[in-house]
Amino acid sequence: MSNKMHIKLNVNGKAEEFLAEPRELLIYTLRERLNITGPHIGCETSHCGACTVTIDGKSVKACTMFVAQANGAEVTTIEGIGGPDDLHPLQTAFKEHHGLQCGYCTPGMITRATKLLEDIPNPTEEEIRFGMAGNLCRCTGYQNIVKSIKAAAAEMNAAKEAAE
Amino acid sequence: MKDEVESRDDRVANLKGMGCSRKRVEDARFTQGKGNYVDDIKLDGMLFGDFVRSPYAHARVVSINTEEALKVPGVLAVLTAADLEPLGLHWMPTLAGDKQMVLADGKVLFQGQEVAFVVAEDRYAAADGIELVEVEYDELPVIVDPFESLKSDVVLREDLDPKADGAHGPRKHHNHIFTWDAGDKEPTEQVLAEADVVATESMYYHRTHPCPLETCGCVASMDKVNGKLTLWGTFQAPHAIRTVVSLISGIEEHNIRVISPDIGGGFGNKVGAYPGYVCSVVASIVTGKPVKWIEDRMDNLMTTAFARDYHMTGKIAATKDGKITGLHCHVTADHGGFDACADPTKFPAGFMNICTGSYDIPTAYLEVDGVYTNKAPGGVSYRCSFRVTEAVYFIERMIEVLAIELNMDATELRRINFIKKEQFPYKAALGWEYDSGDYHTAWDKALKTVDYEGLRAEQAQRVEDFKAGKTRTLMGIGLSFFTEIVGAGPVKNCDILGLGMFDSCEIRIHPTGSAIARLGTISQGQGHATTFAQILASEIGLPADSITIEEGDTDTAPYGLGTYGSRSTPVAGAATAMAGRKIRAKAQMIAAYLLEVHDNDVEFDVDRFVVKGAPERFKTMKEIAFAAYNQAIPGIEPGLEAVSYYDPPNMTYPFGAYVCVMDIDVDTGVPEIRRFYALDDCGTRINPMIIEGQVHGGLTEALAVALGQEIAYDDMGNVKTGTLMDFFLPTAWEVPNYETDFTVTPSPHHPIGAKGVGESPHVGGVPCFSNAVQDAFRPFGNRHTNMPHDHWRIWQTANKLGLHG
């Protein structure tokens, strides 16, 4: 159709280029067009955060952003955060401290937490709870999510100190 | 050999068996975005189906015009009841013995009801098609109140003969579904008439919703060449779904494969069969292509599986010194437009007859009337066994009200009425036989840990300070003691659609000493792949890390009734242990042969069989597994496999003692949870880490329900809480840290003594949070206020009690 837009994105380090209707949502692009199924759909109203991705250094809920709005951006999803050979400390900590159950919120949760720890490398419990309040979890009651993020922060800070 | 230097403790630790906090094997894929949920499934040529839904709660459907919709590029078909009728699929049976419209057949009975199914190449085209389906409605009077419904001349279910019996006996009125009772009516009335004290209270347990983060959905793929239907979906009971699909479609059961992939939480929402499943199957048959249907959040909250909606009236009788002598409970149950409760057949009000709670109440009577209204169907058990949350809320409120009536401390009132340890197995007045318990020990431990006396003293001081104008914050101490009834259940009294509620496990040991076990249940976050391997590790002496657990594929897993009502550990967990014991029995014979001794001369020790009295002579389970596949042993078949179908002799009865300390700002109505202590006794503990996680999660769902979460309707039958803007799901910001604790009272009839825990915290948590709010206002004359205690309602309570000056 003539109203399609020319979109260029960089997703998890890979350049993507395609034509999309103006109404195409970013979560649809990621999940349906690019087969990146880590980010999930939970509400489509920006409340639950299961679709959280990082766009140009900001946490964004991909379910309520048109892909056209992300044109030219760098997008990072859970798949770009760490894999079997290079797990992110948050991925390790969530397992170690039982920070997940059904796993549906987990990709968005960890993606958001990477940004939180970038902004506040050594957060207090209150800062974690406030900073994670845009991501809903129905299983864990958050207690072990908070614990996981604290543990990952400690791990990352220790690694940073050791490197300096 | 390494084994020779390993201590017995090392060998036990290597197994990662029962009792250890084994890390979850599921987590690797979930933390890396590699889960496989139903919406992640993609098949060649897959289409997407979505519903045209009714904006009205009660209306005649005059006409449906699909012409314009079919012109939309990408729209392939629009199904209506007229298309399904020739197949006999425009209605479907519910799990409760009623029937439900798949697509509106002449009228609609609730807002959001499925009217037409648009099948398109993608979601956008489906949405465009939905916009253009023209439906003409003729509005009818709307009834959202069950009491009004029972008086109304308006007939909601015109398809039912008003004079004919329903699935659960006679109907009193054209909008009445059933009356179900338990216990002894006349003796209870007599006890009430003669009692020293009778406390009466009416309470409404509001309608809410399980709202898992992943909504319901499915992918149906009809392979017309081979005549095989594959159905992936968010099914908490995949085998039951296969049987239902076979019964209603006429496709033979061996030609249907149902697969539950990873499920993003269930909490009861994903037990039932929904119109989306039927329409997807039909659409796949019609188009010859796979069809996906995924609810959006509004669909989910408005149409699939509400919970509660019980109007309960209680009378509790006691002597002057607080010994309870009788209990009477009447429930008016709002089931919505169709009776689609997910309960065992003989229990149309679930296990509401556990409402005598943890107390030795000699005489009791329960009567439940089910009623149709213009609200969504459902009535599922949201994070609890069947209607147990309602039952426990009821009795824990009645105890508090009786304490007020007697001017007695509610902890003491509970203590003097608890079923005593020596009374177990205890036959309750409403029919159940509680397997085991030690309530006094749990209660005393809880009260001591929180310094109950100290809290009461602090509260008294706070009341004085409040009255003196020194503070505007009140303090509430919430108490609850609950007994769950889980693990449905014995086939003799528990079935769904005639399917006995046993469960199953099948084990195959591989030659090199690793294994796969398949079960009839399906995890939705509970961590079955981790914990069931732990049960097996302890039973068969192979490391949990060498055991794969697989669930959810009906072509490979043995038949089972699925996961809900905390039944996985009590039933499938038992089947796992029993199948493991069969493996062990055969292994014993193989070991004896290899060691050249009699079967009875070897005994199992952690991970091996040893010759009695000669511990240096042994065969490890790994060696035995290999021998099972490479040695010709006289009288023993090759291989090492076992299957067990376990029909539990009784339910299990987990229990717990909870205390909540809450500060309430009288002027804003905002409650702040200062402390929450939860002691759970779930019998034998398989994985403490997972138990603790389940308790945190269940308590948080309890907090939600008690403090704000509801499905509310206006008088027109409009759902007022259809998005996460209005429907309260707590964030990390609102939720406190919980203190967890435990006692261990094993179930005497369960092979490993386990009772199940996933739902206890919700069952015990709701009354505990509610009681904390009520308790804060008790010194000012509060007796009972209905949940949910959101800020506005708490403010209103304070206002009515004159606390705003």
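Domain bounds are taken from an automatic or database domain assignment. On this basis chain B comprises domain 1 (2-34 + 503-646), domain 2 (38-140 + 215-263 + 270-303) and domain 3 (393-486 + 652-800). The model is predicted; local features require pLDDT of at least 70 and side-chain atom pairs pLDDT 80 or more, whereas totals for chains, interfaces and linings use all residues. Residues are numbered from 1 along each chain as its sequence is written, and chains are lettered from A and ligands numbered from 1 in the order in which they are written.

The C-alpha centres of domain 2 of chain B and domain 3 of chain B are separated by 40 Å. Nine residues of domain 2 of chain B contact ten residues of domain 3 of chain B (C-beta atoms, placed from the backbone, within 7 Å).

Between the chains, 41 residues of chain B are in contact with 45 residues of chain A. Helix α19(B) supplies the largest share of the chain B side, six residues (helices are DSSP runs of H or I, at least four residues, and strands runs of E, at least two, numbered from the N terminus).

Strand β24 (residues 503-509) of chain B is largely enclosed by the rest of the structure, because six of its seven residues are buried (20 or more other C-beta atoms within 10 Å of the residue's own, with C-beta atoms placed from the backbone). β24(B) pairs (at least two DSSP bridges) antiparallel with β30 (residues 641-646) of chain B through six bridges, B:I507 standing opposite B:A642. Five bridges link β24(B) to β25 (residues 515-519) of chain B, also antiparallel; here B:I509 is the bridge partner of B:A515. In the hairpin of β24(B) and β25(B), with five residues between the strands, B:G513 adopts a positive phi near 85°.

Conventions: Two residues are in contact if their C-beta atoms, placed from the backbone, lie within 7 Å. A residue is buried if 20 or more other C-beta atoms lie within 10 Å of its own, exposed if 12 or fewer, and partly exposed in between; C-beta atoms are placed from the backbone.
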